[in-house]
2 protein chains.
Amino acid sequence: MIRHIVPFRLKHARGSAEEAGFLAANRKLADIPGVEQFELLRQISPKNDFDFCVSMTFADQAAYQAYNNHPDHIAFVQTRWLPEVADFMEIDLT
Amino acid sequence: MIRHIVPFRLKHARGSAEEAGFLAANRKLADIPGVEQFELLRQISPKNDFDFCVSMTFADQAAYQAYNNHPDHIAFVQTRWLPEVADFMEIDLT
(Lines give C-alpha, C1' and ligand atoms only; values in the text may rest on other atoms or scores of the structure.)
Protein backbone atom coordinates (compact mmCIF):
# COMPACT_ATOMS: atom_id res chain seq x y z
CA MET A 1 0.00 0.00 0.00
CA ILE A 2 1.21 3.47 -0.89
CA ARG A 3 -0.71 6.56 0.18
CA HIS A 4 0.07 9.66 -1.87
CA ILE A 5 -0.77 12.92 -0.05
CA VAL A 6 -0.36 16.32 -1.72
CA PRO A 7 -1.22 19.49 0.23
CA PHE A 8 -1.42 22.52 -2.07
CA ARG A 9 -2.40 26.16 -2.46
CA LEU A 10 -3.91 27.65 -5.63
CA LYS A 11 -3.10 30.94 -7.32
CA HIS A 12 -6.86 31.59 -7.56
CA ALA A 13 -8.88 33.62 -5.05
CA ARG A 14 -10.72 31.58 -2.44
CA GLY A 15 -14.28 30.83 -3.48
CA SER A 16 -13.64 31.89 -7.09
CA ALA A 17 -15.03 30.18 -10.18
CA GLU A 18 -11.44 29.42 -11.19
CA GLU A 19 -10.92 27.59 -7.87
CA ALA A 20 -14.10 25.54 -8.38
CA GLY A 21 -13.05 24.70 -11.92
CA PHE A 22 -9.64 23.50 -10.78
CA LEU A 23 -11.10 21.35 -7.98
CA ALA A 24 -13.57 19.72 -10.39
CA ALA A 25 -10.72 18.87 -12.77
CA ASN A 26 -8.64 17.58 -9.87
CA ARG A 27 -11.42 15.24 -8.74
CA LYS A 28 -11.38 13.53 -12.15
CA LEU A 29 -8.01 12.00 -11.23
CA ALA A 30 -10.07 9.55 -9.17
CA ASP A 31 -11.15 7.91 -12.45
CA ILE A 32 -7.60 6.90 -13.42
CA PRO A 33 -7.10 3.12 -13.03
CA GLY A 34 -5.36 2.11 -9.80
CA VAL A 35 -6.49 5.16 -7.80
CA GLU A 36 -8.22 4.08 -4.56
CA GLN A 37 -9.60 6.01 -1.58
CA PHE A 38 -9.43 9.32 -3.46
CA GLU A 39 -10.12 12.37 -1.27
CA LEU A 40 -9.90 16.09 -1.95
CA LEU A 41 -10.14 17.89 1.41
CA ARG A 42 -9.66 21.36 2.84
CA GLN A 43 -6.51 22.03 4.85
CA ILE A 44 -7.37 24.04 7.98
CA SER A 45 -4.27 24.08 10.18
CA PRO A 46 -2.87 27.63 10.57
CA LYS A 47 0.58 26.03 10.98
CA ASN A 48 1.09 25.72 7.20
CA ASP A 49 0.10 27.72 4.11
CA PHE A 50 -1.82 25.03 2.17
CA ASP A 51 -5.58 25.38 1.54
CA PHE A 52 -6.37 21.94 0.07
CA CYS A 53 -5.02 18.42 0.11
CA VAL A 54 -5.51 15.55 -2.29
CA SER A 55 -4.98 12.02 -1.00
CA MET A 56 -5.13 8.69 -2.82
CA THR A 57 -3.99 5.14 -2.20
CA PHE A 58 -2.36 2.64 -4.58
CA ALA A 59 -2.07 -1.11 -4.10
CA ASP A 60 1.66 -1.06 -4.85
CA GLN A 61 4.49 0.81 -6.57
CA ALA A 62 3.47 -0.53 -10.01
CA ALA A 63 -0.04 0.93 -9.67
CA TYR A 64 1.43 4.24 -8.49
CA GLN A 65 3.80 4.32 -11.46
CA ALA A 66 1.00 3.47 -13.90
CA TYR A 67 -0.98 6.44 -12.51
CA ASN A 68 2.02 8.75 -12.86
CA ASN A 69 2.44 7.70 -16.48
CA HIS A 70 -1.26 7.74 -17.40
CA PRO A 71 -2.02 10.32 -20.13
CA ASP A 72 -4.92 11.82 -18.13
CA HIS A 73 -2.56 12.45 -15.20
CA ILE A 74 0.16 13.89 -17.41
CA ALA A 75 -2.35 16.17 -19.16
CA PHE A 76 -3.76 17.37 -15.81
CA VAL A 77 -0.28 18.22 -14.50
CA GLN A 78 0.65 20.14 -17.63
CA THR A 79 -2.61 22.00 -18.32
CA ARG A 80 -3.96 22.60 -14.78
CA TRP A 81 -1.53 21.77 -11.94
CA LEU A 82 1.60 23.59 -13.10
CA PRO A 83 -0.16 26.79 -14.25
CA GLU A 84 -2.67 27.06 -11.38
CA VAL A 85 -0.92 25.75 -8.23
CA ALA A 86 1.10 28.29 -6.22
CA ASP A 87 2.77 25.82 -3.84
CA PHE A 88 2.56 22.15 -2.93
CA MET A 89 4.44 19.26 -1.36
CA GLU A 90 4.32 15.50 -1.85
CA ILE A 91 4.16 12.92 0.94
CA ASP A 92 4.20 9.19 0.15
CA LEU A 93 3.43 6.74 2.95
CA THR A 94 3.77 2.99 3.18
CA MET B 1 -14.39 14.89 10.48
CA ILE B 2 -10.88 16.21 11.03
CA ARG B 3 -7.84 14.25 9.87
CA HIS B 4 -4.62 15.21 11.66
CA ILE B 5 -1.48 14.29 9.67
CA VAL B 6 2.02 14.85 11.07
CA PRO B 7 5.06 13.90 8.96
CA PHE B 8 8.25 13.90 11.06
CA ARG B 9 11.92 13.00 11.25
CA LEU B 10 13.65 11.73 14.41
CA LYS B 11 17.04 12.70 15.81
CA HIS B 12 17.75 8.97 16.26
CA ALA B 13 19.66 6.81 13.77
CA ARG B 14 17.47 4.77 11.43
CA GLY B 15 16.86 1.28 12.76
CA SER B 16 18.16 2.18 16.23
CA ALA B 17 16.69 1.00 19.53
CA GLU B 18 15.93 4.65 20.32
CA GLU B 19 13.87 4.90 17.13
CA ALA B 20 11.92 1.74 17.99
CA GLY B 21 11.31 3.04 21.50
CA PHE B 22 9.96 6.32 20.21
CA LEU B 23 7.66 4.66 17.68
CA ALA B 24 6.25 2.34 20.37
CA ALA B 25 5.51 5.33 22.59
CA ASN B 26 3.99 7.20 19.64
CA ARG B 27 1.62 4.31 18.89
CA LYS B 28 0.15 4.55 22.40
CA LEU B 29 -1.49 7.84 21.36
CA ALA B 30 -4.05 5.60 19.63
CA ASP B 31 -5.44 4.74 23.08
CA ILE B 32 -6.45 8.33 23.87
CA PRO B 33 -10.24 8.76 23.71
CA GLY B 34 -11.50 10.27 20.45
CA VAL B 35 -8.59 9.03 18.32
CA GLU B 36 -9.86 7.07 15.30
CA GLN B 37 -8.11 5.50 12.29
CA PHE B 38 -4.69 5.84 13.92
CA GLU B 39 -1.79 5.05 11.57
CA LEU B 40 1.98 5.36 11.96
CA LEU B 41 3.55 4.90 8.51
CA ARG B 42 6.91 5.33 6.81
CA GLN B 43 7.38 8.35 4.54
CA ILE B 44 9.19 7.28 1.35
CA SER B 45 9.01 10.23 -1.06
CA PRO B 46 12.49 11.64 -1.80
CA LYS B 47 10.81 15.04 -2.32
CA ASN B 48 10.76 15.81 1.42
CA ASP B 49 12.97 15.07 4.44
CA PHE B 50 10.47 13.25 6.68
CA ASP B 51 10.92 9.55 7.54
CA PHE B 52 7.61 8.82 9.29
CA CYS B 53 4.07 10.11 9.41
CA VAL B 54 1.38 9.75 12.03
CA SER B 55 -2.23 10.13 10.97
CA MET B 56 -5.42 10.09 13.02
CA THR B 57 -9.04 11.13 12.59
CA PHE B 58 -11.39 12.89 15.01
CA ALA B 59 -15.17 13.10 14.79
CA ASP B 60 -15.14 16.87 15.28
CA GLN B 61 -13.21 19.84 16.66
CA ALA B 62 -14.29 19.04 20.24
CA ALA B 63 -12.79 15.54 20.04
CA TYR B 64 -9.59 16.97 18.54
CA GLN B 65 -9.36 19.55 21.33
CA ALA B 66 -9.97 16.91 24.00
CA TYR B 67 -7.08 14.88 22.55
CA ASN B 68 -4.80 17.92 22.52
CA ASN B 69 -5.61 18.57 26.17
CA HIS B 70 -5.44 14.94 27.33
CA PRO B 71 -2.66 14.42 29.92
CA ASP B 72 -1.25 11.41 28.02
CA HIS B 73 -0.87 13.56 24.89
CA ILE B 74 0.68 16.45 26.79
CA ALA B 75 3.11 14.09 28.55
CA PHE B 76 4.10 12.46 25.24
CA VAL B 77 4.80 15.85 23.64
CA GLN B 78 6.93 17.02 26.57
CA THR B 79 8.88 13.85 27.33
CA ARG B 80 9.25 12.26 23.86
CA TRP B 81 8.18 14.47 20.93
CA LEU B 82 10.02 17.70 21.73
CA PRO B 83 13.32 16.06 22.79
CA GLU B 84 13.44 13.36 20.08
CA VAL B 85 11.89 14.87 16.91
CA ALA B 86 14.24 16.79 14.60
CA ASP B 87 11.59 18.26 12.30
CA PHE B 88 7.86 17.94 11.65
CA MET B 89 4.85 19.67 10.17
CA GLU B 90 1.13 19.54 10.93
CA ILE B 91 -1.63 19.14 8.35
CA ASP B 92 -5.31 19.19 9.38
CA LEU B 93 -7.93 18.19 6.82
CA THR B 94 -11.69 18.45 6.84
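Modeller: Buried means under 20% relative accessible area, exposed over 50%, and partly exposed in between, with a 1.4 Å probe and protein chains only. B:Phe22 is buried, and B:Phe76 is buried too. This is a predicted model: local features need pLDDT of at least 70, side-chain atom pairs pLDDT 80 or more, while totals for chains, interfaces and linings use all residues. Residues are numbered from 1 along each chain, chains are lettered from A, and side-chain values use heavy atoms, without hydrogens and water.

Biologist: Why is the pair of A:Phe58 and A:Tyr67 called tilted?

Modeller: Rings of Phe, Tyr and Trp (its six-membered ring) pair if their centres lie within 6.5 Å; planes under 30 degrees apart are stacked, over 60 edge-to-face, the rest tilted. Here the centres are 5.1 Å apart and the planes at 45°, so the pair is tilted.

Biologist: What makes B:Phe22 and B:Phe76 an aromatic pair?

Modeller: Their centres are 5.6 Å apart, with 45° between the planes, and the pair is tilted. B:Phe22 lies in helix H1 (residues 17–27) of chain B and B:Phe76 in helix H3 (residues 71–84) of chain B, so the pair ties together parts 54 residues apart in sequence. Helices (H or I, at least four residues) and strands (E, at least two) are DSSP runs, numbered from the N terminus.

Biologist: How do you know what helix H3 of chain A should span?

Modeller: The expected span is 1.5 Å times one less than the number of residues. H3 of chain A has 14 residues, so it should span 20 Å; its end C-alpha atoms are 19 Å apart, which agrees.

Biologist: Which residues of H3(A) are buried?

Modeller: A:His73, A:Phe76, A:Trp81 and A:Glu84.
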